[in-house]
Structures are given as structure tokens and as C-alpha cells.
Amino acid sequence: MFKNIYPLFESKRILKKEMLENLRDYPRALFQIRCQDYSDGILWGCRLAAEEKAVRIEPGVLLWRNMPYLLEEPFRIPYEPSGRTAYLKIHFFDGSSGNGQYEYRSQIRISEEEPEEGCEIELARFKLQPGARLRDNYTDFFDYCTEFDTLNRIHAPYASPERRSIWPQALQCFASSMMEYSIQDAWDQAFCLNCLQLTEAMPYRLVKSYLDVRMGQKSDYSNAEIYDRLKSILLQVSGKGY
């Protein structure tokens, strides 16, 4: 049956174990119900800012194997320019028990090794040249994958129903760029309006449906392929490409 049980804290009332268990389990149960069909990836927050010699990660929530991982305070991780691709990633450790609690922990890393599929996810990548400054701002939609000196978040997985999706900010930028032109296609209009209203990642199946129609063929898309297809559509609509 459906139910809602919460403890009453009153004077001279004995605090039972079941009361504390209810306080512990209720928020977790709500979260797991809300995200039970979601893929691994960034769920909320985790904005990035390029600072001098460090990348700042803002508070956010990651989903890994249906378990939420919270970053409650901004975290700064140093980097060094090498001219080679570096990956900002999260390494997840196996759960462990101790000190009366069960812990799920992770570590934020920057390395030149690609994220390991079974225990890591990517937050961003960049190729910083010696003497250059890393940037987190973008001039337009085509600038999101600039090779050098730019935080590239296109490859970062975002948690969404059933399958990982792409960075919401990229979709919003695409939609804003499309709306600068007189778009007549109903699919373009509907997709762009949905993008502009995003508060979290758009489900992959919706992105796929749009691209399948616009590309005239059904396919599976990585985040990089989604971005490339959207660039082609924007070039076509703007009259700068075919």
C-alpha cells in the first residue's frame, strides 16, 4: 500500500531505532524512485569554471550505479599545460563499511588517460598549450569543441532515462542559435522549444528521435556524433552549409 510515516519528537517520548531508520531511508527511497531508470552520469549541477592553474567544480550530484554522489562544496583541482589532451574525471571506489556507516566514495582526477569505462566518468577534457590560458566561455555553438585551450564538455555523460545524454547547455545554445533564423520545420521548432526549457538533461531518446528525422535515417549516436549532427543542421538552416 502507499504510505507516509514520520516520527514525532515530543518531550519524554522514547526515540526508537525505527524512527531514525525512517529518517535515514525516506530521502534515499524518494531519490531512487525518481531516478530508478536513469543512466550513470551528471544529474544536477557540477558546473565548471577555468581558473588560473585550476578548474573549479561547483556543487552537484552524480549518479553512478543508481547511487547518488554529492559534491556539497566547490572543489578546485590543479592542472598543468602539456599540449596533450587531459581528462577531468571522477573515479568511483567500491562501497565500504566502517565507523558505523557504509560509504560510497569517489576521487576527482586530471590525467592524460581516458576514463576507464567500469569505474570512471568524464566531466570535461582539454588540450592546454604552454603559456595559454584555459577558458570556459564559448563564442557560439561551433566553439564548444575547439581543440585547444578550451574546456570541452560535449563528451561528458549526463544522467537521463535509460541512456546517457548530452550537456544541456549545448542543446540550449543550439536552440538559441537556431531561433535566430526563420525556422519553418515543425520538428526544428518543437525540438528548440524543448531545449530552451531544459532544467536537466534531455532524455537521449528525444534527441535521437529528432536527429533520426532530420538526418533521414535511424542511428545510435554518441555525444560527439549528436554534436556533429546538430552542427550540420545549424549550418544548413543558416545557409552556411549543406
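Does Arg105 count as buried, partly exposed or exposed, and at what relative accessibility is which class assigned? At 52% relative accessibility, Arg105 counts as exposed, where exposed denotes a relative accessible area over 50%, buried one under 20%, and partly exposed the range in between (1.4 Å probe, protein chains only). The structure is a predicted model, in which local features require pLDDT of at least 70 and side-chain atom pairs count only at pLDDT 80 or more, while totals for chains, interfaces and linings use all residues. Residues are numbered from 1 along each chain as its sequence is written, and side-chain values use heavy atoms, with hydrogens and water left out.

Arg105 forms a salt bridge with Glu103, with the closest N and O atoms 3.0 Å apart; a salt bridge is taken here as a side-chain nitrogen of Lys or Arg within 4 Å of a carboxyl oxygen of Asp or Glu. In contrast to the exposed Arg105, Glu103 is buried, its relative accessible area being 18%. The structure holds 15 salt bridges, among them the one between Glu200 and Arg34, whose closest N and O atoms are 3.2 Å apart. This pair links distant parts of the chain, since Glu200 lies in the loop between H3 and H4 and Arg34 in helix H1 (residues 17-34), 166 residues apart. Helices (H or I, at least four residues) and strands (E, at least two) are DSSP runs, numbered from the N terminus. Glu200 counts as buried at 18% relative accessibility, whereas Arg34, at 41%, counts as partly exposed.

A further salt bridge joins the side chains of Glu147 and Lys127 at 2.7 Å, N to O; Glu147 is placed in the loop between strand E11 (120-127) and H2, and Lys127 in strand E11, 20 residues apart. Of these two residues, Lys127 is buried, with a relative accessible area of 17%, and Glu147 is partly exposed at 46%.

One is formed by 3 strands in the order E1-E4-E5 with antiparallel pairing, two strands being paired if DSSP finds at least two bridges between them. Strand E1 (41-45) and strand E5 (67-71) stand at the edges with a single partner strand each, so one side of each is left without a neighbour in the sheet. Neighbouring strands of this sheet are turned by 25° against each other on average, direction ignored, with axes fitted as lines to C-alpha atoms (for helices, over the stretch in contact) and angles running from 0 to 180 degrees between N-to-C directions. Strand E4 (residues 60-64) is joined to E5 by 5 bridges in an antiparallel arrangement, and Gly60 stands opposite Leu71 in E5.

The other sheet comprises 3 strands in the order E2-E3-E6, again with antiparallel pairing. Its edges are strand E2 (48-51) and strand E6 (75-78), each having a single partner strand, so one side of each lacks a neighbour in the sheet. Strand E3 (residues 54-57) runs antiparallel to E6, to which 4 bridges join it, and Ala54 stands opposite Pro78 in E6.

Helix H4 (residues 204-215) has 12 residues and, at 1.5 Å a residue, should span 16 Å, which agrees with end C-alpha atoms 16 Å apart; the expected span is 1.5 Å times one less than the number of residues. Buried residues in H4 are Tyr204, Val207, Tyr210, Leu211, Asp212 and Arg214. The buried residues of H4 pack against helix H2 (168-178), helix H3 (186-196) and helix H5 (223-238), contact meaning heavy atoms within 4.5 Å. Just after H4, Gly216 adopts a positive phi of about 75°.
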